[in-house]
Structures are given as C-alpha cells and as structure tokens.
Amino acid sequence: MKSPVLTIGVGNSDRGDDAVGLIVAQRLRQRLPAHVPILQTTGDPGCLLEALQTAETIILIDAVHSRWEAGLTSGTTGASPGTIHRFAAHESPLPADFFRCSTHAIGIPETIELARALDYLPRQLIVYGIEARDFATGTGLSAPVEQAADKLVDILCRTPECILDVCPNAQGS
Amino acid sequence: MKSRTIKIDWLARVEGEGALNVKIKDGKIADLKFKIFEPPRFFEAFMRGRKYSEAPDITARICGICPIAYQMSACHAMEDALGVKVDGQLRALRRLIYCGEWIESHALHVFLLHAPDFLGYEDAIQIARDHPDIVRRALQLKKAGNSLVTLLGGREIHPINVRVGGFYSVPTKRELASLTEKLKAARDIAVEAVRWTATLPFPDFERDYEFVALRHPDEYPFNEGRLVSNRGLDIAAHEYDKYFTEEHVAHSTALHSHIEGRGAYFVGPLARVNLNFDKLSPLARETAVSVKFKPPCRNPFKSIIARCVELVHSCDEALRIIAEYEMPDQPAVQFQMQAATGYGCTEAPRGILYHRYRIDDQGLILDAKIVPPTSQNQGSIEADLREFISANLNLPADKLQWQCEQTIRNYDPCISCSTHYLKLHLERM
C-alpha cells in the first residue's frame with residue numbers, strides 16, 4: 001500500500017550547502033506530525049529507486065548549481081544562491097546541468113530517468129532544487145541557502161501540494 | 001606514411017577519473033597510455049600518527065563501492081601485527097559481510113556498467129528502456145547485497161561496525177535468518193545471470209596472463225589464504241613486498257605494480273575463478289560448467305561470466321553461513337598492544353588488496369602501505385589494449401574506440417581506489 005505522499009531530502013552533510021536537502025527534511029520533521037513520512041538520504045540510487053515506489057506523490061529536495069561545470073565556484077554562473085527551482089519531474093526529465101555530476105555515482109537526474117524507464121515513478125514527483133553557493137568540505141549552510149531552506153519549509157507547509165494538505169489523515173508509511 | 005589518432009576524453013562507466021591515449025602510426029601503435037589523472041589522495045601518508053583502530057574506518061573511505069575490502073585488509077594487517085586470531089562465528093561473519101559487498105559490487109558492474117558494452121547501449125538508462133527486466137533483476141540482486149552490508153555493517157554505505165578483533169556488535173540468529181528468502185531469490189537471479197552473460201557476443205581475444213589470487217585449503221578466498229599464481233607463485237601475505245614492486249609512471253597518479261622479474265599480472269574475479277574453481281560452491285561450479293565456462297579462461301571479456309559465477313557463489317556462501325550461525329558471546333576478541341609490523345591481503349571485489357602497517361607500542365601507525373587491485377591491473381589493461389588494438393586496426397574508429405573502453409571495463413577499474421579517474425584519447429595519426 002503506497003503512502004499518499006513522501007518527502008525526500010537529499011544531501012551530503014559534510015559538503016556545505018549540499019546538506020540543504022537534509023536540513024529542509026529535518027525542519028519539516030520538527031513542524032509536521034510524526035506519521036508524515038520524511039526520508040533523509042545521501043541520494044544512493046538503490047535507496048531512491050526503492051523510495052520512489054512507495055508513495056503517490058513525492059517531493060524531493062536537493063541542492064543544485066544551475067549550469068554546473070566542474071571547477072566553477074558558485075555565483076560565477078547560473079541563478080543566484082538561495083534561488084528555489086521547482087520541477088515537475090514526472091512530466092519531463094530534470095535539466096542535467098542543474099545537478100552536480102560525478103564520476104563516482106549515478107546522480108539524481110539519472111536515477112529519475114532510470115525510474116521512468118522501469119516504470120517506478122510516482123504519479124507526481126516534484127523536485128525542489130535550492131541553488132547552492134558553496135560545496136566545499138565542512139558543515140553549515142551559506143546565509144542565502146539558510147534563508148532559502150526556511151522559505152522552502154514554509155512553502156511546503158502552505159502550498160497546495162503541501163504534505164499536510166495532501167494527507168491530513170495519513171497513517172504513516 | 002599513414003598515421004591517425006583516436007581520442008576519447010572521458011571514459012564512462014568506470015568508478016573515478018581517467019583517460020586512454022593511443023597513437024597509431026603506419027598500422028602500429030606508436031604510443032599507448034592508460035592515464036589515471038585523479039589527484040593522488042595521500043591516504044598512506046595521513047595514516048601516520050593515527051591509531052591502529054582508526055585504520056579500518058579511515059581506509060574504508062578510499063572507496064564507496066568496496067569499503068568492506070579496506071576494512072577487512074586493514075583489520076587483518078593489524079591483527080597480524082598484534083598476534084590476534086579471529087575465528088569461529090566472528091570469522092564467518094566477516095566472510096558474510098564480504099559476500100554482501102561482492103554481491104553489491106558485482107551486480108552493479110555486470111548489469112549497469114559492463115553489460116551495456118555487449119548490448120550496444122551507452123548506459124543503464126538505455127538498457128532499462130529496452131530491457132527493464134534485466135535492470136530490475138540487477139537492482140534486486142544489489143539490494144540483497146546491500147541488506148547484508150547494512151545488517152552487519154550498520155549502514156549500506158561506509159559501514160561503521162567493523163573493528164580490529166571483530167565487530168562492535170553482532171546480529172542475532174533471527175536477524176540474519178530474515179535475509180534468507182531475499183538471498184535465495186538473489187541466488188536464482190545470479191544463476192540466470194551466468195546463463196545470460198554466457199550468450200553475450202565475446203571478441204575472440206586471449207592472452208597468456210599470470211593470474212594472481214588468494215588460495216585457501218578449505219574455502220573460496222575472501223579474507224585469508226596464500227598468494228598464488230598459475231606460474232608458481234605461492235607466498236604468504238607478509239612476503240608480498242619481496243615479490244611485488246610498485247613504480248611510478250608519469251602518465252598515472254596510480255602506481256603500477258609488477259611481479260619482480262616477470263612483469264604485469266591479472267587480479268580479480270577471472271583470476272580467482274581460474275585459480276580456485278574447485279573451491280566454488282557446487283551450484284556455482286555446476287552453473288559455470290553448464291555454460292562451458294571452465295578454467296583456465298584467458299579471454300578477459302569473459303570476466304563478466306566469472307563475476308556472475310561469483311555472484312552465485314556469494315549468495316550460496318551467505319546462505320550457508322546464515323544457516324550455520326550461532327550468535328557469539330563476544331563481538332570481538334581481546335588483545336594487548338605491541339610494537340610490530342602487520343600484513344594483510346584480502347580479496348576485494350576487483351582483486352587482491354594488500355595493506356601493511358608498522359605500529360608502535362601505543363598502537364600509533366608509523367607507516368602504511370596500501371596496494372589496491374586496480375593499480376595492480378594497470379599493466380595488464382595496457383597490454384590488453386596494445387594487443388587488442390593491433391589485431392583490430394581494420395575496425396571503424398567508433399567501433400574500435402567502443403571496444404577499447406570495453407577492454408578497460410573488463411577489469412571493473414576503480415580509479416578512485418587506485419589513486420587512491422578515466423578519460424580516453426584514441427589517436428590514429
């Protein structure tokens with residue numbers, strides 16, 4: 001039995017603004033009742049592919065760096081740090097140049113396309129990408145990303161696809 | 001004079017960052033370099049001054065795919081230094097968590113990284129569109145491996161429950177038994193995978209390799225055994241430095257290894273299966289024989305079959321260990337600190353992984369040496385490419401380039417490990 005809705009925060013808590021997906025998930029956890037399912041993950045493709053099959057609507061939050069190019073420092077390209085991007089990933093692929101690509105792992109856009117090919121996508125998959133400023137080693141968000149995290153938490157608790165509005169009587173996952 | 005250059009900048013579907021540059025002049029290879037340009041990571045240097053007990057968790061960070069291998073080789077080397085013997089159920093649990101890592105790693109490589117080469121796809125997403133069942137099965141198999149690593153290691157990526165002397169905590173019999181059905185289903189998928197990979201189109205290519213693997217009198221090697229080869233090598237782990245030499249070559253940030261006086265050698269699943277065929281589980285062996293895969297197999301492209309045979313073996317071995325498991329009284333054995341040098345060599349998914357540590361009487365690391373499988377295979381990868389390209393110069397540029405990449409992927413190279421990355425320049429001048 002699928003949950004009506006699942007929120008997934010993706011990130012790396014040791015790489016500056018890359019932690020923002022996890023932090024939004026943690027703050028939502030504090031604001032929402034315990035039965036509302038929220039998942040925090042490093043973005044492991046196996047874990048994500050599994051999670052994508054467990055709910056009708058999924059909200060996924062991750063740090064992004066629009067028109068990402070390896071070696072560029074943030075702010076030199078793309079949107080300004082703290083910008084919140086919203087994608088209806090169940091309708092079309094995510095822009096690949098928004099997400100950090102790695103030779104070490106399958107990224108979020110690739111995992112979502114793999115899920116699409118395998119018919120694992122939920123009815124609705126909304127991806128929120130928060131423009132990051134700094135992916136350097138260390139903990140703590142930059143000021144604009146910190147503000148964006150709070151703003152997104154407010155949005156998610158208020159907008160039509162808000163977790164609570166979608167599943168006012170959800171019984172856990 | 002006819003010359004050409006084929007250049008591939010970034011090799012895909014390998015773990016890490018590297019390249020291949022090949023220059024062909026008058027129908028002959030003028031220059032060939034398998035280049036590893038991922039920055040060196042200096043793990044050996046920053047291990048100095050750390051405690052012996054930190055070695056398993058620090059070195060595990062060398063690789064997100066085979067952290068267990070690093071933990072195991074580090075533990076065995078430290079235990080060798082400290083005179084610790086881990087046996088019984090704790091030893092069996094170490095084999096079990098290694099089964100989990102082999103299943104995870106082999107499933108990823110066979111289905112998502114290597115199979116696209118044989119089927120003519122760029123990546124796993126394309127395979128998933130045309131053959132979703134193959135990818136679904138791969139994910140199911142990988143999940144079974146993840147479950148083992150998560151249960152025994154505390155989490156599926158960078159597990160944290162392994163320590164010198166054993167584990168921090170051990171599972172109950174019931175917890176392990178909960179994985180039985182998942183592993184039986186995984187074993188069925190693995191048997192099918194052997195049959196399926198045996199039908200793939202293999203280039204007609206063989207070389208006379210020196211295969212090197214661990215060999216143990218009673219079991220298929222994971223953690224322990226003597227280092228043996230098909231050319232008479234038969235040594236203990238502590239003799240490694242006498243027989244194997246590492247050297248720096250300018251085009252690679254990973255050191256090249258060779259056997260003193262003999263040259264390049266081959267480690268990994270194909271070497272293990274060739275040298276330990278008699279120690280495979282009966283089902284793994286029978287499945288291999290049923291597809292006419294018999295040792296010695298000298299076609300490196302068929303390493304994909306060897307990997308699947310090991311998938312069957314790993315599932316079988318995991319099921320055996322779980323069935324015979326009795327929860328040990330203590331999660332780890334006790335020991336006293338002493339100044340010494342310790343040597344450990346275990347079978348990572350990609351082949352032998354050697355660790356050596358010298359520690360003082362407080363257990364602080366004075367020096368460390370780590371030799372991962374990919375750096376050991378670099379010589380054989382370059383030799384394969386040299387011979388394969390020479391024999392296939394008539395192929396169109398795109399096809400030759402494709403098969404060069406496939407030749408490299410036969411070894412499932414983990415470049416992050418070896419530098420602790422791949423870019424391909426195939427140049428016809």
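Author: Helix H3 of chain B is mostly covered, with 15 of its 16 residues buried. Buried is used here for a residue with 20 or more other C-beta atoms within 10 Å of its own; exposed stands for 12 or fewer and partly exposed for anything in between, with C-beta atoms placed from the backbone. Helices (H or I, at least four residues) and strands (E, at least two) are DSSP runs, numbered from the N terminus. The model is predicted, so local features need pLDDT of at least 70 and side-chain atom pairs count only at pLDDT 80 or more, while totals for chains, interfaces and linings use all residues. Residues are numbered from 1 along each chain as its sequence is written, and chains are lettered from A and ligands numbered from 1 in the order in which they are written.

H3(B) takes in residues 67-82 and reaches 22 Å from its first C-alpha to its last, close to the expected 22 Å. That expected span is 1.5 Å times one less than the number of residues. Just after H3(B), B:Gly83 has a positive phi of about 70°.

Helix H12 of chain B, residues 303-324, has 22 residues and reaches 31 Å, close to the 32 Å expected. Of those 22 residues, 18 are buried, which leaves H12(B) mostly covered. In the loop between helix H11 (282-290) and H12 of chain B sits B:Pro296. Most residues other than glycine have a negative phi, and most peptide bonds are trans.

B:Asp26 is not a glycine, yet it has a positive phi of about 50°. B:Asp26 lies in the loop between strand S2 (18-25) and strand S3 (28-36) of chain B. It is exposed, because 9 other C-beta atoms are within 10 Å.

B:Leu152, in helix H6 (residues 132-153) of chain B, is buried because 26 other C-beta atoms lie within 10 Å. Beyond its neighbours within four places in sequence, B:Leu152 has contacts that include B:Leu93, B:Leu96, B:Ile97 and B:Pro171; a contact means C-beta atoms, placed from the backbone, within 7 Å. From B:Leu152 to B:Gln71 is 81 residues in sequence and 13 Å in space, C-alpha to C-alpha.

Chain B also has an open sheet of three strands in the order S6-S7-S8, with antiparallel pairing. Strands S6 (212-215) and S8 (234-235) of chain B are at the edges with a single partner strand each, so each has one side without a neighbour in the sheet. Strands count as paired if DSSP finds at least two bridges between them; S6(B) and S7(B), residues 226-229, have four, in the antiparallel sense. In one of these, B:Arg215 has B:Arg226 of S7(B) as its bridge partner. Helix H10 of chain B, residues 269-276, lies across S6 and S7 of chain B and runs at about 50° to S6(B). Such angles run from 0 to 180 degrees between N-to-C directions, with axes fitted to C-alpha atoms, for helices over the stretch in contact.

As for the whole chain, chain B has 15 helices and 14 strands. Of its 429 residues, 53% are buried. Its C-alpha atoms fill a box of roughly 70 × 45 × 35 Å along the principal axes.

How values were computed: Contact = placed C-beta atoms within 7 Å.
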